[in-house]
Structures are given as structure tokens and as C-alpha cells.
Amino acid sequence: MAKLNLDKQESEFLDLIIRQWKTEGLIDSETAEKLCASYEVKGFDWRRLAQYSFWVALACGIIAIASLIIDDAVIRWLEKLYDTPDIIISLISGLFAGTLLYEGSRRKNKYPERVFSNEAIIFFGILFTASCIAYLGKTFDNGNGHFSVLFLLSVVVYALLALKFKSGLIWAFALVSLGSWFGTETGYQTDWSHYFLGMNYPLRFVAFGFLLVALSFAMSKIKRVNEFQDLTYIIGLLYLFVSLWLLSIFGNFGTLEDWMKVKQIELIYWGIISVLVAIAFTIYGLRKKDFIAREFGITFLLINLYSRYFEYLWDITDKTIFFAILALSFWMIGRKAEKIWNVEFLKK
């Protein structure tokens with residue numbers, strides 16, 4: 001029988017559990033030896049290396065393209081193409097996009113194990129799709145400045161492509177485009193003033209994040225899109241918590257000039273709201289075993305605590321004492337959480 005290939009931490013945890021069971025008399029020595037022999041620590045993580053390699057390759061490719069574009073000879077060549085009609089560039093970009101997306105989808109079906117190379121091809125297809133939409137917008141631009149329509153078109157196109165090719169990466173771009181549409185549309189509707197219904201941009205995106213999180217829960221009941229539920233949930237929480245964190249720093253001010261006129265302590269209630277939301281999601285995640293909510297809550301609770309420290313206490317407290325107390329506090333929380341988790345695991 002093939003052995004389970006586990007991470008070092010997983011292997012050490014199972015060793016601990018088996019020793020505990022043996023000590024408590026739940027299993028005998030022979031059974032404990034058989035269990036220990038049923039798994040092994042896996043070797044080098046080639047999957048992670050492949051993932052990082054493709055990320056680096058994409059980054060280097062983008063840098064290479066940028067370097068190529070700023071080359072004098074290429075600039076002169078691009079100047080000659082300046083008069084190329086926008087609709088032609090849009091069609092060419094669309095052709096490249098369709099080819100790359102089709103190839104990426106074909107490879108996903110034929111070589112499903114080549115996760116990262118397939119996603120890299122789809123990623124470039126997404127970029128050409130964006131170029132296609134952008135130049136299509138330039139073609140029909142009437143000068144009214146309502147370019148948020150292009151982002152809305154991107155949402156529709158990316159959503160349909162994501163459903164067609166069952167691609168989480170394309171769905172993520174659809175949600176990013178949805179956020180871009182929301183920001184630009186609310187700006188356009190107010191003639192690019194600093195407030196929309198009395199809200200600056202961070203406060204608007206707090207509401208947007210909540211709506212996206214609510215949408216993710218509704219998606220679980222829709223078979224067609226429930227495979228993207230977790231991704232929608234994660235991106236919604238990202239919008240929500242980043243906006244809350246920005247709100248805790250800048251408050252509901254529309255300009256930096258207005259913000260600089262007030263003392264930071266006057267905005268502390270936004271920080272309290274941000275911390276309370278983080279705590280609420282942490283508790284919800286622990287009770288419902290929702291690790292996504294738990295991790296976001298804990299992460300942004302820490303970010304908020306550090307932000308408040310640098311805002312209010314950096315100049316008046318001893319750094320060694322502050323960080324020692326903070327370290328001890330979270331060590332105790334971690335120990336308590338570890339004990340609770342072990343008890344729950346043994347009950348299963």
C-alpha cells in the first residue's frame with residue numbers, strides 16, 4: 001500500500017496524536033507502529049517551485065515588454081503605427097485574446113496537471129481581452145468621459161468567459177473590474193466630486209465589500225456559479241477589510257488637505273469600528289469553522305493594532321515593553337487556540 005506523502009508539520013502532528021493515543025491505551029504498540037509506517041515526510045515541494053517559477057516568468061515577461069517599449073527603436077516603430085485605427089487594434093487584440101483563451105482551456109482539459117502554465121496562458125489572454133475592450137471604447141468614444149461603461153463591459157465579458165472556461169483567474173478579473181466599475185461610476189455620477197451619498201472612496205468600498213460578501217453566500221445556492229463562491233468571498237473580504245483599514249487612517253475625508261487639518265485621535269472611532277469588525281469575523285470563523293473569515297479577521301486585527309500603535313503610541317511608549325506585551329498576549333491567545341483545536345480534532 002502506498003504511503004501518504006505529508007508535509008513535515010502534518011507528519012509531526014500525526015506523530016503527536018499517535019503517541020497520545022498509545023499513552024492513553026486507545027491503541028497498542030503494534031497498531032501505533034503500523035500507523036506511523038503508513039505515512040512519510042514528502043521531499044522537495046516541486047509544485048511550489050513550479051508556482052513561483054511561473055510567477056517570476058510572468059513578472060519578467062512584463063518587465064521585458066516594458067523595457068522593449070521604452071527602447072528608442074521600438075518607440076520610433078510605434079510612432080509609425082500611431083495612425084493605426086483603434087478598431088483594428090481592438091480586433092487584433094481580440095484575435096490574440098481568443099486564441100490564448102482557447103489554447104489555455106484546451107490545455108486545461110488535455111494537461112490538467114500543468115496548472116500554472118495553463119493559468120499563465122489564460123492570464124495573457126485576459127490582458128489582450130482588456131486591450132480589446134479598451135480600444136473598442138476608444139473607437140466609439142464620444143468625449144462624455146463615461147468610461148466606467150468599459151469596466152462594466154469587462155465585467156460581463158470576463159464573467160461569461162469564466163463560466164465558459166471554468167476559470168477562477170478570469171472570475172477574479174471580473175470581480176476586480178466590478179470594483180473598478182463601482183468606483184468610476186460613483187465618481188462619474190457625482191461629477192468626480194469627493195463624496196457619493198456622503199461617502200468618500202474607502203467608505204464606499206466598505207459597503208461594496210459587504211455586498212460582495214453577501215453575494216458570495218447567495219452564490220452557494222446557484223449551481224452555475226457556486227464553484228466561484230470561495231473566490232468571491234475572499235475578494236469581497238479583501239475589499240471590505242482593506243477599505244476599513246484605510247477608513248481607520250483617513251476617516252471619511254475626501255481630500256488630504258481636509259484630513260491633515262484634524263488630529264488622528266479624532267478618527268479613533270473608525271479604528272474601533274475596524275477592530276470590532278475584525279473581531280466579529282474572527283469569532284464567526286472560529287464558531288462556524290470558516291477558516292477564510294478567521295484568517296482575515298485575525299490578520300486585519302493585527303494590522304489595525306499595529307496601525308493604532310504607530311498613530312497614537314509610537315512617540316510616548318517604550319518599544320521593548322509594548323512589543324513584549326503584544327508578543328506575550330498573542331502567544332497566550334495562540335496557545336489557547338491550539339489547545340481548543342486539538343481537543344476538537346480528537347473529538348472527530
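**Exercise 1.** Determine how helix 9 and helix 10 are oriented relative to each other in this predicted model.

*Solution.* Step 1: locate the elements; helix 9 comprises residues 201-219, and helix 10 comprises residues 229-250. Step 2: consider the axes, which come within 8 Å and cross at roughly 160°. Step 3: apply the cut-off, by which angles over 145 degrees count as roughly antiparallel. Helix 9 and helix 10 are therefore roughly antiparallel to each other. Step 4: assign the hand of this crossing, which is left-handed.

**Exercise 2.** Repeat the analysis for helix 10 and helix 12.

*Solution.* Step 1: the axes of helix 10 and helix 12 come within 7 Å, and their crossing angle is roughly 150°. This makes helix 10 roughly antiparallel to helix 12. Step 2: as to hand, helix 10 passes helix 12 in a left-handed crossing.

**Exercise 3.** Carry out the corresponding check on helix 8.

*Solution.* Step 1: helix 8 covers residues 168-189 and has 22 residues. Step 2: from first C-alpha to last it reaches 31 Å, close to the expected 32 Å. Step 3: aspartate 191 follows helix 8 and has a positive phi, near 55°.

**Exercise 4.** Identify the salt-bridge partner of glutamate 30 and relate the pair to the helix that contains it.

*Solution.* Step 1: the structure contains four salt bridges; one of them joins glutamate 30 to lysine 34, with 3.7 Å between the closest N and O atoms. Step 2: the two residues are four apart in helix 2 (residues 29-36), which means that about one helical turn separates them.

**Exercise 5.** Describe the nonpolar surface patch that includes leucine 276.

*Solution.* Step 1: leucine 276 belongs to helix 12, residues 268-288. Step 2: the patch is formed by Ile265, Ile268, Tyr269, Ile272, Ile273, Leu276, Ile279 and Ile283. Step 3: together, these residues have about 680 Å² of accessible area.

Technical notes: Residues numbered from 1 in each chain as written. Predicted model: local features only at pLDDT ≥ 70, side-chain atom pairs only at ≥ 80, totals over all residues. Heavy atoms only, no water. Expected span 1.5 Å × (residues − 1). Patch = residues over 30% accessible without salt bridge, like charges linked within 9 Å, V, L, I, M, F, W, Y side chains within 5 Å. Areas by Shrake-Rupley, 256 points an atom, 1.4 Å probe, with all protein chains shown as cover. Salt bridge = Lys/Arg side-chain N within 4 Å of Asp/Glu carboxyl O. Axes fitted to C-alpha atoms, helices over the stretch in contact; angles between N-to-C directions. Parallel < 35°, antiparallel > 145°, perpendicular 65-115°, else oblique. Left-handed = near helix turned anticlockwise from the far one by under 90°.
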